[in-house]
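These are my notebook entries on a single structure. I looked up selected side chains, backbone angles and open space in turn.

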Amino acid sequence: MKKAARVTLLDASDLDDETHRVLKDQLSKATKFLPTNVLVKWDAEIDAILRLAIWRLSVCNHNATFGQQLLNISYGTDLSKTKARLLVISTVFCSYFKSKISNMTIRSSPHVCSEDDTARLYHVLEHLKRALTVMETMICVASFLNLIVFLREGKYPTLIDRVLGLEPVVGSSKSRSIGYRYMTRELLWHGFMELITFTLPLVNFRFFKRKLFSLIYTDRNTVKSSKFNGSRFELTLKTRCAICQQVPIRPHHISCRHVFCYYCIQSNYCADQNFECPECGQLVNGEIKSCC
């Protein structure tokens, strides 16, 4: 079997962590409508079942994790049944045991329960938690030293692999191929989105809207302008804003019979100094007057 590259082994480890994170996020979204206290109470068990399912579908069936399968590497013939069981114990049950001890320590705290009932249990769990903290610190230091040795030798990317003697190897003679089509497409899309985000605020859509309407309704606007220009506005219970077609709020007019909301006419005029009444074509010319 061909020895796997260092970067491939590190990428496989990152892919395994990302696989667990994505599946846990999806599970959280699927159970978000359940009572929160139930999910918090059984969080350690849910995480352990999820890790056990990942191990069962990957390492147990294919002698490789999901990240290793994506990168065409596996444990090969080094993974015996005994080592597989030790691997699942170290990756699944140790993590579950640590989470369970932490949760039990919090629940049995004297600040939560009465000290008469939980004093002995709390002290036992507290000592156990401290021992686990020391062990975790030692494991972190050993993992760091293992990483340094791995970068030098290129074998055993994790501490568990070194302890169990599991060296991932390339599954076949096919070399790892890297495609850049997806990356290129994403870069082009992000570049296009940045261009749109930069240019859209600079475009005066109200101006183009007015020009379009003036081209489409030229004859009708000319007739309406000649008929209603200079006439008194009409403000009744049936009056609607000529722009938003809703009951006008703080009604204003521009020397024609139509009425506008103050925000509608003021915002359009600020965006387009040549704004015209959409009904009769009357120019604003700075004459925005209150109807009251």
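I looked up Trp189 and found it partly exposed, at 48% relative accessibility. Phe192 is likewise partly exposed, with a relative accessible area of 43%. For these classes I take buried as under 20% relative accessible area, exposed as over 50% and partly exposed as in between, with a 1.4 Å probe and protein chains only. The model is predicted: local features need pLDDT of at least 70, side-chain atom pairs count only at pLDDT 80 or more, and totals for chains, interfaces and linings use all residues. Residues are numbered from 1 along each chain as its sequence is written, and side-chain values use heavy atoms, with hydrogens and water left out.

The ring centres of Trp189 and Phe192 are 6.1 Å apart and their planes meet at 35°, so I record the pair as tilted. The criterion pairs rings of Phe, Tyr and Trp (its six-membered ring) with centres within 6.5 Å; planes under 30 degrees apart are stacked, over 60 edge-to-face, and the rest tilted. Both residues belong to helix 9 (residues 181-199), and about one helical turn separates them because they are 3 residues apart. Helices (H or I, at least four residues) and strands (E, at least two) are DSSP runs numbered from the N terminus.

I noted Arg250 over the face of Tyr262, at 4.8 Å from the ring centre. The test requires NZ of Lys or CZ of Arg within 6 Å of the ring centre and within 35 degrees of the ring normal.

How large is the volume of the largest pocket? I read a value of about 1,500 Å³. A pocket is an open set of points on a 1 Å grid over the protein atoms alone where a 1.4 Å probe fits, with protein on both sides within 12 Å along at least five of seven lines; lining residues have an atom within 4 Å of a point. Grid points are joined across faces, edges and corners, and the volume is the space filled by probe spheres set on the points.

The lining of this pocket comprises 41 residues; Arg51, Ser90, Thr91, Thr158 and Ile160 lie nearest the centre. Helix 1 gives the most, with 9 residues. By class I list 22 nonpolar, 12 polar and 7 charged residues. Here Ala, Val, Leu, Ile, Met, Phe, Trp, Tyr, Cys and Pro count as nonpolar, Asp, Glu, Lys and Arg as charged, and the others, Gly among them, as polar.

I located Asp47 in helix 3, where Asp47 counts as buried at 11% relative accessibility. Its side chain makes a polar contact with the side chain of His20, at 2.9 Å. Such a contact is a pair of N or O atoms within 3.5 Å; within protein, one must be able to donate a hydrogen and the other to accept it, and residues adjacent in sequence count only if both atoms are side-chain atoms.

Most residues other than glycine have a negative phi. Tyr156, not a glycine, has a positive phi of about 55°. I placed Tyr156 in the loop between helix 7 and helix 8, and its 17% relative accessibility makes it buried. Gln245 also has a positive phi, near 60°, and is partly exposed at 44% relative accessibility.
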